[in-house]
Amino acid sequence: MINQKYKANFALFALAVIFFAVGVTEFISVGVLPAISKSFMITTSTAGLITTIYALGVALGAPILTILTAKFQRKGTILGAIIIFIIGHLIIGFATNFGEVIFGRLIAGASHGLLFALSSTIAAELVDESRQASAIAYIFTGFTIATALGAPLTAVSTYWGWRIPFLTIATLGIVAWILNRVALPKQARKNVEISSIADQVKLILHPHVLLTLLITILGYGGTFATFTYLSSILQKITHVPANQVSFFLVIYGVAIAIGNTLGGKLGNAKLINALFGIFIVQGLALFAFYFTVTNIYLSTLNIVLLGLVAFMSVPVLQSYILILAKSYSSKAVDVASSLNISAFSFGIVGGSFLGGVALDTYGLRSTMLLWLH
């Protein structure tokens, strides 16, 4: 029994390392965006496409690749997706033009979608149902810690160039591949039937599922409209020196990690009440940031609050969507997981794109008010 628990915990740790590597690349774009803009002589909003296109790759890759690989053994699929993730970052690291950077981001994003979808369902199956949200929160901890530990890579980009962080991420991918090759069970899935197209359509069109996906999109759209341009906001409005921005990203990342853990505990109990409270606080925090951003002390406190609620809802929403899938179409659990990952990313795509439009039209501070619309 103890040996089995150890194996499950080791497998969860290996999955968390995947989320860490993915988390670094998800959030590193915020810190390297100014450097990429300068390197390829493009506008800040154009450079912001490294966030938008990556999220689009996740949004499309999660459901499409999950369906295409449904008959494959999960462990092999995850290992293959990690290899694609590594290749994408090598393309970025050695890119000679901005188009190659975008292509590498798209490939890496597509693998991200598949990795998150399968990892979430595996994590939920490795523990008792009462600990499902906590298990999902645990592997997402790797993702959230990356926002803090990934910040030093932003500092590296300031001194030695933006390519080094992406090549470092490729190395993290290799470490993740080795760990999961060793830790994951050979057949990391229960004996379930593969979902049919009818099962998938039934799940997607269910009103409760659609509403949950819409909540995910709107919630993360508002967050990333501001977060995508946080580095530029801190430099141009709060007047933080470029070499000190990573410090604020570390603060934000630590707050995210704490909030994610709290979200996992909330997700084990009253899911709907937890989501309602989280999104109210999130909206108020974004609204307050519009006014506090000019003061370095108040903006720092505001960034802590934004970090706490930014990913607090992630394990709650992911756990809830799996519960809905088991109730409405039990054969399509993997697809349900991929749909929510896709919804997160569509929120990021919409938020970062609209944030860029608002930036070009009304200025940086307007990105904090998009959630009102």
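**Helix 10 and helix 15**

I looked up how helix 10 and helix 15 pack in this predicted model, and I find an angle of about 165° with the axes 10 Å apart. Since angles over 145 degrees count as roughly antiparallel, I note that helix 10 and helix 15 are therefore roughly antiparallel to each other. The crossing in which helix 10 passes helix 15 is left-handed. On the helix 10 side I list H208, V209, T212, L213, I215, T216 and Y220, and these meet V314, L317, Y320, I321, L324 and Y328 of helix 15. Sorted by class, the residues of this contact between helix 10 and helix 15 come to 10 nonpolar and three polar, with no charged residue.

**Helix 15 and helix 16**

I then followed helix 15 (residues 314-328) to helix 16, where the two axes come within 9 Å and cross at roughly 145°. This crossing of helix 15 and helix 16 is right-handed. From helix 15 the contact takes V314, L317, Q318, I321, L322, A325 and K326, while helix 16 contributes V333, A336, S337, N340, I341 and F344. For the contact of helix 15 with helix 16 I record nine nonpolar, three polar and one charged residues.

**The largest cavity**

The largest cavity is lined by 14 residues, of which E26, F143, F311, F344 and I348 are the closest to its centre. Which helix gives the most to this lining? It is helix 16, with four residues, and helix 5 (98-125), helix 6 (132-149), helix 10 (207-227) and helix 16 (333-362) each supply at least two. By class, the lining has 11 nonpolar, two polar and one charged residues.

**Helix 4 and helix 8**

Last, I checked helix 4 (residues 74-93) against helix 8 (residues 163-183), which pack at an angle of about 165° with their axes 8 Å apart. That angle makes helix 4 roughly antiparallel to helix 8, and helix 4 passes helix 8 in a left-handed crossing. The contact residues of helix 4 include L79, I82, I83, F85 and I86, and those of helix 8 include F166, L167, I169, A170 and W177. I count by class 14 nonpolar, four polar and three charged residues in the contact of helix 4 with helix 8; K75 of helix 4 and R163 and R181 of helix 8 are among the contact residues.

Terms used:
Residues are numbered from 1 along each chain as its sequence is written. This is a predicted model: local features need pLDDT of at least 70, side-chain atom pairs count only at pLDDT 80 or more; totals for chains, interfaces and linings use all residues. Side-chain values use heavy atoms; hydrogens and water are left out. Axes are lines fitted to C-alpha atoms, for helices over the stretch in contact, and angles run from 0 to 180 degrees between N-to-C directions. Angles under 35 degrees count as roughly parallel, over 145 as roughly antiparallel, 65 to 115 as roughly perpendicular and the rest as oblique. A crossing is left-handed if the near helix is turned anticlockwise from the far one by less than a right angle, and right-handed if clockwise. Contact means heavy atoms within 4.5 Å. Ala, Val, Leu, Ile, Met, Phe, Trp, Tyr, Cys and Pro count as nonpolar, Asp, Glu, Lys and Arg as charged, and the others, Gly among them, as polar. On a 1 Å grid over the protein atoms alone, a cavity is a set of points where a 1.4 Å probe fits but cannot get out, and a pocket is an open set with protein on both sides within 12 Å along at least five of seven lines; lining residues have an atom within 4 Å of a point.
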